[in-house]
Every structure is written in C-alpha cells, then in structure tokens.
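Try each task before you read its solution.

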Amino acid sequence: MVNKKSYKGCKTALMLTGGGARAAYQVGVLKAIASYMPRNHGIPFPIICGTSAGAINATTIACYASCFHLGVRKLEWVWKNLHTSHIYHSTAGKVFGNIIAGFLSNFGAQYATPKSYSLLNNAPLRDLLNEVVDFKRIDINILNDYLSSIAITASSYSCGDSISFYQADKSIEPWQRAKRRGVQCQLNTEHLMASSSIPLIFPPIRINQKHYGDGSVNQLSPLSPPIHLGAERIFMVGVEQPEEESELYNHIINQQKNYPPSVATVAGHLMDTVFAETLNSDLERLKRVNRTVELIDKSKRELQSELRPIDTLLINPSKNFNRIAQQHYGELNWPLRLLLRFMGATQDSESSLTSYILFEQDYCKKLIQVGYQDAMEKEQQIREFLSL
C-alpha cells in the first residue's frame, strides 16, 4: 500500500472534463476511489487538471491533497446540498432582468462600457467558490509534496487560444504550442469562474485585462496540460453519454427527428461536442503516438524527452444523463422552465441542455450515485491502473 507521503515520484494525473451539472458524476467516481484507500492518505494524483465544472472539482481536491478522503467528503457535501440558486440567479426578476439588461446594453452610447451578454447570471457561483475553496492550501500541499501541480484551463476570447493556468513547483516550465499554452500563476476564484463560463449561457470573465470563457471551447488537445506537467499516466473522468437502449425512447427521438431542431437541441448538441468529442479525438492521437514510441529503440528513446508512452484510463457514465434530467425537470424554478420552453427544451424533448444546467440536489445525488456505481464495478481495473 502506498504511504501517505510517497507520491513525490509518482506521475499519475487526474483529468476532470467539463460538463456543467453533469460534473456531479465525477464526485461519485472519486468517492469510489477513496473507498479503495485507507483514511488519512494523500491523494493518489499528484498532478491534477480540470476544465469547466471539472476545474472546480479538481481545485477542491487539490486543496485537500494531504487527505484524499477529506477532500472527497467536502466535495460530496457541496454537490449534495446544491441548488440552482447557488450557481446562477433563478428568480423571475433576475432571470428576465439579466436578459433585458443585456439586450438594452447594445443600444448604449459607444463610450459606455457594454454589459457582457449571457442567458444567465452566475454571480452566485463566485460567492460559493469564495466560501468553499481555500486556495492557500494549494501552495502548502505543493511545498509538502502532497501535490506536484494543478492546471485549470480556460479559453481566451482575445486570441482564441486555450490557456492552462497552472500552479506548480519550480521544475515545471511554461509551454506554448499551436493554439494552446501554459501560464504559471497563483490560482484564484476568477480562474475557476473563467474556466466554467459556458459561452452565451454565462458571461465572460476578465483576468488581467483579457476576457476568458469555458475551457472546453478551443481545447483541441485536452490531454496537453497533464502531459506538459509531466504525467506518465492519466486517469480521466468524462461525461460522454452511452448509446440509448430503450426502444420506446428511441421511438420518441426518431419522431422528433422528423422536425427541424429547436434552439435548445442545437445548443445541447454543441455542448455535447465541446465537452466530449475533442477528448476522444485526442485519445486516438495519443494512442498513435504511443505506437510510434514503441517502434523506437529503447536506448534511443532515452536520449529524448519529448516523446514518451503515456497510459490512459477513461471512465464515462453508464447511464443517460438526459433521461435522468427529464425526471428532475420539474425541480427547476418556473422562470427557468419558461426560458427553456421558449428555446424548445421541454421535459420530453431530446435536448441535452437541461442536463448541463440542472444544479439541483436530487439530480446531483443521482449522478453521484451513478459515478460511484460505475467506479465500483471497475474497481479492479482502476486499482491496477493506479497501483493501489
């Protein structure tokens, strides 16, 4: 069994993808992994990377890297007591007031600072993050060798690059590649706000005179941050949905496909693409690189450091989150249901939009349960990958 402070030489990375409310699933997976390990042990992932809602989970875990069980319990408590009002304004006055204010700002004087347009105002999320995330603990964990590095990825609206803000020891140098780069900094709430700011749904976030949005946008190489931080193994928790097996559900969907897609359907499709498909293509690329590296003679392989084989393990949900969201659709406040209805998203529609913005505790508890069950069913595979 790994000792509490023996992770300094370990190069296993945890990568948590985006997905809005779907990120509750990640908590269930982490909860299962914690159950494999003794209490009071440090985190088995000295390298942590997160994007969008996954960035919030990743940072919370990094703050408690010295005690993995405590970090998971803290994260689970937050998600199980979550309400939509903790993430964005959901009352009628603030929902429609935000939309009207954004529309009217387009008619303001040119010298006036325009208001960033967004469908929803996620100001409550900033208050929640300030309350539950203690960023000072990250430096302490790095100094005490419980944590090697953490990277939070956001998308720059100024240059279109994928920017990975990272905090690490001095051995990690900033990197720059085509359309992506790593920027060393002291992480704070604004980096998490930027990484989780879904375009059009939430407003852009300003950091150092530049505006940023959800890190999943323009993230052509999601595996880049953990690789640049030195990972040799990457454990990933995604949100890609399984193929639907229900004949009745497929019949309903096929009927709906005879009609033009609604705004909500298009928005859900775009979010599915942003949060899942780029990771799959990057994994295919990594497998090709691994096969190429295997063809290189071992003696010559040791002379270069840029190419190295990297093992990966991806855990995706076994249940369809869209169907689960349909069961909890009525938990949304009526202004949000009206707004979704206006966009074409109803309780029985095929749009996945609802599953991303339904931050209600019963829905989140269900996703945590699914994640826990999925990881427990793959316990042996996960144990072998993480050497637990």
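In helix α2, the buried residues are A53, G54, A55, I56, N57, A58, T59, T60, I61, A62 and C63. "Buried" here means under 20% relative accessible area, with exposed over 50% and partly exposed in between (1.4 Å probe, protein chains only). Helices (H or I, at least four residues) and strands (E, at least two) are DSSP runs, numbered from the N terminus.

Before you start, note that this is a predicted model: local features need pLDDT of at least 70, side-chain atom pairs count only at pLDDT 80 or more, and totals for chains, interfaces and linings use all residues. Residues are numbered from 1 along each chain as its sequence is written, and side-chain values use heavy atoms, with hydrogens and water left out.

## Exercise 1: a strand with neighbours

**Task.** Which strands pair with β9, and in what sense?

**Solution.** 
- Step 1. Check the cover. β9 (residues 233-237) has five of its five residues buried, so it is largely enclosed by the rest of the structure.
- Step 2. Sort the directions. R233, F235 and V237 point one way, while I234 and M236 point the other way. In a regular strand the side chains alternate between the two faces of the sheet.
- Step 3. Find the partners; two strands pair if DSSP finds at least two bridges between them. β1 (residues 12-16) pairs with β9 in the parallel sense over five bridges, and M15 has M236 as its bridge partner.
- Step 4. Strand β10 (residues 311-315) also runs parallel to β9, joined by five bridges. Here L313 in β10 stands opposite F235.
- Step 5. Follow L313 across space: Q381 is 68 residues away in sequence, but the C-alpha to C-alpha distance is 9.0 Å. Q381 is part of helix α16 (residues 379-386) and, at 41% relative accessibility, is partly exposed.

## Exercise 2: a hairpin

**Solution.** 
- Step 1. β3 (residues 149-156) and β8 (residues 210-213) run antiparallel, with two bridges; S155 is opposite G213.
- Step 2. β7 and β8 are antiparallel too, over three bridges, and I205 faces Y212.
- Step 3. The β7 and β8 hairpin has two residues between its strands, and N208 takes a positive phi near 50°.

## Exercise 3: aromatic rings

**Task.** What is the geometry of the F45 and F68 pair, and of the Y88 and F202 pair?

**Solution.** 
- Step 1. Rings of Phe, Tyr and Trp (its six-membered ring) pair if their centres lie within 6.5 Å; planes under 30 degrees apart count as stacked, over 60 as edge-to-face and the rest as tilted. The whole structure has nine such pairs.
- Step 2. F45 and F68 sit 6.3 Å centre to centre with 80° between the planes, making an edge-to-face pair. F45 is in the loop between α1 and β2, F68 in helix α3, 23 residues apart.
- Step 3. The centres of Y88 and F202 are 5.9 Å apart and their planes lie at 45°, so this pair is tilted. Y88 is buried at 0% relative accessibility, and F202 is buried at 4%.
- Step 4. F45, F68, F235 and F385 form one aromatic cluster.
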